[in-house]
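This report describes a protein chain and its ligand.

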Amino acid sequence: MSDNNDFKMVAKTFFGLEEVLSNELLSLGAKKIEKGVRNVSFFGDLGFLYKCNLSLRTAIRILKPIAFFNVENEKELYTSFYNFNWEDYLSLDDTFSIESVLNSDFFSHSLFVSQKAKDGMVDRFRKLFKRRPNVDSINPDIKINIHIRDNKCTVSLDSSGKPLNQRGYRSQTNIAPINEVLAAGIILLSDWDLESNFLDPMCGSGTFLIEAAMLATNYPPNIKRSNFSFKNWNDFDLDLFVMITKSVQSKIRPFNNKISGFDKSPSAISKCNQNIINAGLDDIISISKEDFFRSKKNNDNFLHLVFNPPYGERLRIDIESFYKKIGDKLKTDYSNSNAWFITSSIEALKYVGLRPSRKIKLFNGKLESRLARYEIYSGSKKAKKNIY
Ligand SMILES: C[S@@+](CC[C@H](N)C(=O)[O-])C[C@H]1O[C@@H](n2cnc3c(N)ncnc32)[C@H](O)[C@@H]1O
């Protein structure tokens, strides 16, 4: 990778996943990595941008900044967009959309900012070519991202387009599926050694199972996705993209242990099964219709559990008795395990009856949540009991 062709990129993520995203970037070979809040910036070349889109598990999108303006009002924003050489980035026949994120006293309405920026841009095209490219807010060829902090406006091209959690394997959703990027981030935060057996005892549509299997086999999560915005860019290099795709594919490795899931709902199991088949991971993952509260760990080997139990928001349950049963089940029938779960009911943790050895603040969508770890020992140590 030649330094001369390097440029800055910004990977967006969820709150709490910045560290794991930085680690992912480091192991892919990113340069000058800097953590922000809900984002990580780094440098690399065009091939690296393709690699990031194919391989990063905890990025929602990868932005490429292309312009910086100082703006304090709409007129300045309009003029900056009017004066920028947009014709180098999109043609008259491309469709586009503009999304704005604001953190500024000068501007308060993101839709209005997008509108003004668009006006400047299309007026430039009209002046130069007597025609203008059209807006498509659903499926644009070129996605433009505006970020204004105080009076500093950064304009970026969104290289991903649709968010990167849309891996292409989820054709079936359960009532409350967890976002794929969040699921991958939780597994990475859980320090799974990628070797011990893995269980999601309330697997729903199978997101943790599929993300765990992709991680264990070093399977690039977005290798099956055909739509990335960078494919519509003027500088798209098909040969380079094919080369990078082959290179990341060649690093897939076998996994010899078990990744398994239970769900007590037959419809969840059938959806989960379809998603696992879509992901092509049915030879690694096994699932069964089972009630976790009636289950038992079936050998003495160490087991790593990751799950998101219902938390009462969309799936109605009695929080107190449900979370108490989780704690009791882990204690009595799951010795020699680490159990990690995320819940948006922070109150629920006090009913588990075991002391979590770690608690990490995350957001599940807009809901503030906790990812908790319970270490269940074998033999006399059994479990850290009854202290919240
Ligand atoms: C929040 S959802 C899990 C979503 C899942 N992570 C996904 O991505 O689709 C909780 C799941 O727990 C299941 N569940 C509830 N009680 C259970 C039990 N006692 N045993 C097994 N599964 C249970 C529900 O059927 C539901 O599918």
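In what follows, a residue counts as near a molecule if its C-beta atom, placed from the backbone, lies within 6 Å of it. The model is predicted.

**Ligand shell.** Around the ligand there are 22 residues, and those that come nearest are Met202, Gly204, Ser205, Thr207 and Phe292. Two elements, helix 6 (207-216) and strand 10 (259-263), each give two or more residues to this shell. By class, the shell around the ligand holds 13 nonpolar, six polar and three charged residues.

**Domains.** The protein chain is divided into domain 1 (3-158) and domain 2 (180-222 + 258-381). Their C-alpha centres lie 36 Å apart. Contact between the domains involves 12 residues of domain 1 and 15 residues of domain 2. On the side of domain 1 that touches domain 2, helix 2 (residues 46-55) supplies the largest share, three residues. That side of domain 1 comprises six nonpolar residues, five polar and one charged.

The composition of the two sets is tabulated below.

| Set | Nonpolar | Polar | Charged |

**Phe96.** Strand 5 (residues 95-103) contains Phe96. Is Phe96 buried or exposed? Phe96 is buried, because 22 other C-beta atoms lie within 10 Å and the criterion for burial is 20 or more. Leaving aside residues up to four places away in sequence, Phe96 touches Leu90, Pro133, Val135, Pro140, Asp141, Ile142 and Ile144. Pro133 is 37 residues from Phe96 along the chain, and their C-alpha atoms are separated by 7.4 Å.

Conventions: Residues numbered from 1 in each chain as written. Predicted model: local features only at pLDDT ≥ 70, side-chain atom pairs only at ≥ 80, totals over all residues. Helix = DSSP H or I, 4+ residues; strand = E, 2+ residues; numbered from the N terminus. Nonpolar A, V, L, I, M, F, W, Y, C, P; charged D, E, K, R; others polar. Buried ≥ 20, exposed ≤ 12 C-beta atoms within 10 Å, placed from the backbone. Contact = placed C-beta atoms within 7 Å. Domains from an automatic or database assignment.
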